[in-house]
Each structure stands twice: as C-alpha cells, then as structure tokens.
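Subject: Structure for your review

Dear colleague,

Please find below the structure that I am handing over to you, together with its sequence. My findings follow directly after it.

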Amino acid sequence: MSDVFTLYKLIVLYMAQQSREELTNSQISQFVLDRDYTDYFHLQQVLSELVETGLLKKRTVSNSSHYEITEEGSKTLFYFEKDLSSEIKKEVEEFLKDCGVQAEQRIQTPADYFETPQGGYAVRCQYIEKDTTILDLTLSAPNLEAARAICRNWPKKSPDIYAAVMGELI
C-alpha cells in the first residue's frame with residue numbers, strides 16, 4: 001500500500017512541478033479521480049502528507065486550497081521521477097494544457113475577500129509574475145456575492161486588466 005501512496009505522491013509532485021503555478025485542490029482531484037488512480041480520501045491524505053513533510057506548500061484562498069511545490073519537493077521529485085511512467089507524465093502534461101494552466105511563465109493570480117470594519121467587503125487581487133508582484137489591487141465589493149464573483153473572475157480577466165491599466169498609465 002505504501003508503494004501505491006508513493007506513486008500518488010509522485011504524481012501530485014510532478015503535476016505541481018509541471019504547472020509552474022499553484023494548483024487548486026479541485027484541479028489535482030479532477031486529474032487523479034477522473035483516471036481512477038485513487039479515491040478522494042486517499043488523495044487528501046497524500047496532499048496532507050506532502051504538506052506536512054514540506055514537499056508542497058499549501059495556501060488557502062476563499063476556502064480553496066492551493067498547492068505549490070517547494071524546493072525540497074523538486075529535489076525529491078528529481079530523485080524519484082524515474083518511477084513515474086512516461087504515460088502518466090504525458091497524461092499530466094496534457095491535462096495541464098487542457099486546463100489552461102500556465103506552464104511556460106510562472107504567473108499567479110491570487111484573489112481573496114475579507115469583511116471590512118464597516119461591514120462591507122473588500123477584495124484583494126494580485127498579479128504575480130516570477131515571484132514578483134506586478135499588480136496589487138484592492139477593490140470594494142457591494143456584497144458577499146460580488147466579492148466571490150470578483151475572486152472567481154480575477155484569474156481569467158487579470159491579464160487584460162493588467163494590460164489595460166499599464167496602457168493607461170504608460
């Protein structure tokens with residue numbers, strides 16, 4: 001059973017390394033569960049163990065878990081990547097491409113909302129390229145639904161918003 005768990009860990013580490021950006025729990029789950037590698041509960045155990053051992057870094061945004069490979073995770077994968085079949089690697093790469101996950105540039109677009117002292121909501125949206133914050137924007141939202149919608153739409157709209165802001169300012 002531990003050999004099987006090792007394979008699941010390698011799959012997740014390979015996914016995290018190939019994506020070059022944070023992966024959500026749902027993205028990882030979709031890949032693993034759609035291919036019947038394991039069930040949801042074993043996958044969550046694998047993710048938890050990878051975080052506990054410092055091979056993955058976990059960040060929670062709006063009740064969604066985001067995972068990124070650590071330097072230690074990359075080193076571990078380097079030593080054990082040969083244990084992953086070329087078929088699995090190809091499936092991971094195709095899945096990430098189909099999902100539209102950035103593979104060439106390291107771009108992150110975190111967005112999170114919080115309640116303001118006045119009882120309203122504010123949304124902090126960031127555009128981070130290669131570990132450098134390029135745009136950090138905090139918006140007031142009229143209600144919780146709007147705050148959630150902004151968080152949901154930010155990743156796909158952020159490149160256009162960033163381009164528009166820079167176009168106006170430069």
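The chain contains 6 helices and 7 strands. Please bear in mind that this is a predicted model. Read from the N terminus, the elements follow the order α-β-α-α-β-β-α-α-β-β-β-β-α. Taken along the principal axes, the C-alpha atoms fill a box of roughly 50 × 35 × 25 Å. Of the 170 residues in the chain, 38% are buried. Among contacts between residues at least 6 apart in sequence, 54% join residues at least 24 apart.

I turn now to a pair of helices. Helix α2 covers residues 25–34 and helix α5 covers residues 86–99; the two pack at an angle of about 135°, and their axes lie 11 Å apart. That angle makes α2 oblique to α5. The crossing of α2 past α5 is right-handed. On the α2 side the contact is made by Q27, Q30 and F31, and on the α5 side by E91, V92 and F95.

The next topic is an open sheet. This sheet has 3 strands in the order β1-β3-β2, and their pairing is antiparallel. Its edge strands are β1 (23–24) and β2 (56–61), each of which pairs on one side only. Strands of a sheet pair through backbone hydrogen bonds, either parallel or antiparallel. Here, β2 and strand β3 (residues 64–69) run antiparallel and are joined by 6 bridges. One example is V61, whose bridge partner in β3 is S64. Helix α3 (residues 40–52) packs on the sheet and touches β2 and β3; the direction of α3 makes about 110° with that of β2.

What is H66 in contact with, leaving aside its neighbours within four places in sequence? The residues in contact with H66 are E22, L23, T24, K57, K58, R59 and V61.

Strand β5 (residues 111–115) runs antiparallel to β6, and 5 bridges join them. In this pairing, Y113 stands opposite V123 of β6. The hairpin of β5 and β6 has 5 residues between the strands, and in it G119 takes a positive phi near 95°. On to the next strand: β6 is joined by 9 bridges to strand β7 (residues 132–141), and these two also run antiparallel. C125 has L137 of β7 as its bridge partner. How many of the 9 residues of strand β6 (residues 121–129) are buried? The number is 7, so β6 is largely enclosed by the rest of the structure.

Yours sincerely,

A colleague

Conventions:
Residues numbered from 1 in each chain as written. Predicted model: local features only at pLDDT ≥ 70, side-chain atom pairs only at ≥ 80, totals over all residues. Heavy atoms only, no water. Axes fitted to C-alpha atoms, helices over the stretch in contact; angles between N-to-C directions. Helix = DSSP H or I, 4+ residues; strand = E, 2+ residues; numbered from the N terminus. Parallel < 35°, antiparallel > 145°, perpendicular 65-115°, else oblique. Left-handed = near helix turned anticlockwise from the far one by under 90°. Contact = heavy atoms within 4.5 Å. Pairing = 2+ DSSP bridges. Buried < 20%, exposed > 50% of the residue type's maximum accessible area, 1.4 Å probe, protein only.
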